[in-house]
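Welcome to a short briefing on one protein model. Have the sequence and the 3D view open side by side, and take the topics below in any order you like.

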Amino acid sequence: MNDLNIRCEHKPSPAKLEVLGIDGWPLWKKEPSTFPWHYEKTETCYVQRGRFVVTPDGGEPLTFGRGDLISFPAGLSCVWEILEPVEKHYRFDETQ
């Protein structure tokens, strides 16, 4: 069975962000909205601004915001609710 837990590190060190190369990742922006999402690949993202709630199918809602480094596992289905306009850097892992 796959591990479908969302992992979050709040305010990782600038050194960690530099090693990960966050500034070189694409930037995703979205205004307040609600939509379903399914992750085909594991996504790692770093939230630059905004606030949102992600509710995994059959799970409890999790709130994220500025300064969070989040990993969404491949196979996860969820609903996003964007509360404040979001800007996040992201990358998809090539291996699962």
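Strands here are DSSP runs of at least two residues, labelled E and numbered from the N terminus. With that naming, E7 gives four residues to the lining of the largest pocket, which is the largest share. Please keep in mind that this is a predicted model.

**The largest pocket**
- The largest pocket holds about 160 Å³ of space.
- Its lining is made up of Trp28, Phe35, Trp37, Tyr39, Glu43, Trp80, Lys88, Tyr90 and Phe92.
- Sorted by class, seven of the lining residues are nonpolar, two are charged and none is polar.
- At least two lining residues come from strand E3 (33-38), and at least two from strand E7 (77-92).

- In soluble globular proteins, nonpolar side chains tend to be buried together.
- Here, the largest nonpolar core has 15 residues, and those with the most contacts inside it are Ile6, Phe52, Val54, Phe64, Ile70, Phe72 and Trp80.
- Strand E4 (43-56), strand E6 (68-72) and E7 each give two or more residues to this core.
- Another core lies apart from it and has five residues, including Leu17, Ile22, Trp25 and Leu69.
- What does Phe52 contact, leaving aside neighbours within four places in sequence? Its partners are Val47, Leu62, Thr63, Phe64, Ile70, Phe72, Trp80, Glu81, Ile82, Leu83 and Val86.

**Strand E6 and its partners**
- Four of the five residues of E6 are buried, so the strand is largely enclosed by the rest of the structure. Buried here means under 20% relative accessible area.
- Strand E1 (residues 7-10) runs antiparallel to E6, and four bridges join the two. Opposite Glu9 stands Leu69 in E6.
- E4 also pairs with E6 in the antiparallel sense, over four bridges. Here Cys45 has Ile70 of E6 as its bridge partner.

**Glu31 in its loop**
- Where is Glu31 found? This residue is in the loop between strand E2 (27-30) and E3.
- Glu31 counts as exposed because its relative accessibility is 53%, and the cut-off for exposed is over 50%.
- Not counting residues up to four places away in sequence, Glu31 touches Ile82 and Pro85.
- Glu31 and Glu87 are 56 residues apart in sequence, while their C-alpha atoms are 9.1 Å apart in space.

Conventions: Residues are numbered from 1 along each chain as its sequence is written. This is a predicted model: local features need pLDDT of at least 70, side-chain atom pairs count only at pLDDT 80 or more; totals for chains, interfaces and linings use all residues. Side-chain values use heavy atoms; hydrogens and water are left out. On a 1 Å grid over the protein atoms alone, a cavity is a set of points where a 1.4 Å probe fits but cannot get out, and a pocket is an open set with protein on both sides within 12 Å along at least five of seven lines; lining residues have an atom within 4 Å of a point. Grid points are joined across faces, edges and corners, and a volume is the space filled by probe spheres set on the points. Ala, Val, Leu, Ile, Met, Phe, Trp, Tyr, Cys and Pro count as nonpolar, Asp, Glu, Lys and Arg as charged, and the others, Gly among them, as polar. Buried means under 20% relative accessible area, exposed over 50%, partly exposed in between (1.4 Å probe, protein chains only). Contact means heavy atoms within 4.5 Å. A nonpolar core is a set of buried Ala, Val, Leu, Ile, Met, Phe, Trp, Tyr and Cys residues joined through side-chain atoms within 4.5 Å. Two strands pair if DSSP finds at least two bridges between them.
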